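The following questions and answers go through one protein structure. They start with the whole chain and then turn to single residues.

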Amino acid sequence: IRDRGQADAPYHVVAYDYGIKRNILRLFDAHGIRVTVVPSDMPAHDVLAMNPDGVFLSNGPGDPEAVTYAPAAIREIADQRVPMFGICLGHQLLGISFGGRTAKMPFGHRGGNQPVKDLETGQVLITSQNHGFAVVGSPEGVEGAPDLAVTHINLNDGTVEGLKHRHLPVFAVQYHPEAAPGPHDAVPLFDQFLKALRNRRG
């Protein structure tokens with residue numbers, strides 16, 4: 001367990017470390033958020049005992065279906081209406097946690113030029129990606145997960161690139177908004193998470 005960011009930051013987020021990238025921590029710090037990074041298998045009750053303003057599900061390598069200990073903790077935390085934001089592996093685990101499944105892609109997404117469409121705004125983002133698995137679904141939804149709405153799709157192959165819960169303050173993206181040196185089209189997602197933290201405070 002380690003803390004990153006200013007000790008007197010106005011907001012505190014607990015980050016599950018499935019292979020977290022350092023620049024994610026830098027971006028949280030830049031948004032006035034102190035992060036406590038915890039092991040990937042920390043029980044939900046230990047995370048909730050820290051009374052965080054939000055929880056972050058990090059990126060990481062490998063097959064999300066193998067991270068069998070994560071979904072129960074994710075559901076327990078989300079059920080407490082704690083804002084939650086996931087990136088890459090965190091996005092896949094979120095899909096699994098609410099009834100979806102993932103599949104190995106015939107051709108993974110690699111590089112910094114993946115076109116992703118925001119289904120709410122119609123905006124196309126150029127994103128950085130590095131993954132070989134995807135949540136199974138379409139713009140209409142995620143198979144087996146009626147509580148999840150698809151927010152983003154990949155314009156090359158139609159795969160799911162973003163999710164949000166229909167009733168809880170929970171969302172995730174498959175791509176890397178924190179990519180350094182870029183592209184930076186998706187950095188505003190950190191502002192979206194910060195807004196969820198503020199809303200919870202009322």
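Helices (H or I, at least four residues) and strands (E, at least two) are DSSP runs, numbered from the N terminus. This is a predicted model, in which local features need pLDDT of at least 70 and side-chain atom pairs count only at pLDDT 80 or more, while totals for chains, interfaces and linings use all residues. Residues are numbered from 1 along each chain as its sequence is written, and side-chain values use heavy atoms, with hydrogens and water left out.

Q: How many helices and strands does the protein chain have?
A: Both kinds of element occur in the protein chain. The count is five helices and twelve strands.

Q: Why is the protein chain said to be as compact as a globular protein of its length?
A: The radius of gyration is taken over C-alpha atoms, and the globule rule is 2.2 Å times the number of residues to the power 0.38. For 202 residues the rule gives 17 Å, and the protein chain is as compact as a globular protein of that length because its own radius is close to this, at 15 Å.

Q: What percentage of the residues in the protein chain is buried?
A: Buried means under 20% relative accessible area, exposed over 50%, and partly exposed in between (1.4 Å probe, protein chains only). Of the 202 residues in the protein chain, the buried ones make up 55%.

Q: Which residues of helix 1 are buried, and what covers them?
A: Helix 1 spans residues 22–30. Its buried residues include Asn23, Ile24, Leu25, Leu27 and Phe28. Their cover includes strand 1 (2–4), strand 3, strand 4 (54–57), strand 5 (84–87) and helix 5 (188–201).

Q: Is His31 buried or exposed?
A: His31 sits in the loop between helix 1 and strand 3 (33–39). Its relative accessibility is 19%, so His31 counts as buried.

Q: Which side chain makes a polar contact with the side chain of His31?
A: Contact means heavy atoms within 4.5 Å, and beyond its neighbours within four places in sequence His31 is in contact with Phe190, Asp191 and Leu194. A polar contact is a pair of N or O atoms within 3.5 Å; within protein, one must be able to donate a hydrogen and the other to accept it, and residues adjacent in sequence count only if both atoms are side-chain atoms. At 3.0 Å, the partner of the His31 side chain is that of Asp191.

Q: Which backbone nitrogen lies 3.3 Å from a polar atom of the side chain of Thr151?
A: Thr151 belongs to strand 10 (residues 148–154) and counts as buried because its relative accessibility is 9%. Its side chain is also joined to that of His152 by a polar contact of 2.7 Å. Leaving out residues up to four places away in sequence, Thr151 touches Lys117, Asp118, Leu119, Glu120, Gly162, Leu163 and Lys164. The backbone nitrogen at 3.3 Å is that of Leu163.

Q: Where is Arg81, and what is its phi?
A: Arg81 lies in the loop between helix 3 (70–79) and strand 5. It counts as partly exposed because its relative accessibility is 46%. Although Arg81 is not a glycine, its phi is positive, near 60 degrees.

Q: What is the phi of Cys88?
A: The loop between strand 5 and helix 4 (89–97) holds Cys88. With a relative accessibility of 3%, Cys88 counts as buried. Cys88 is not a glycine, yet its phi is positive, at about 60 degrees.
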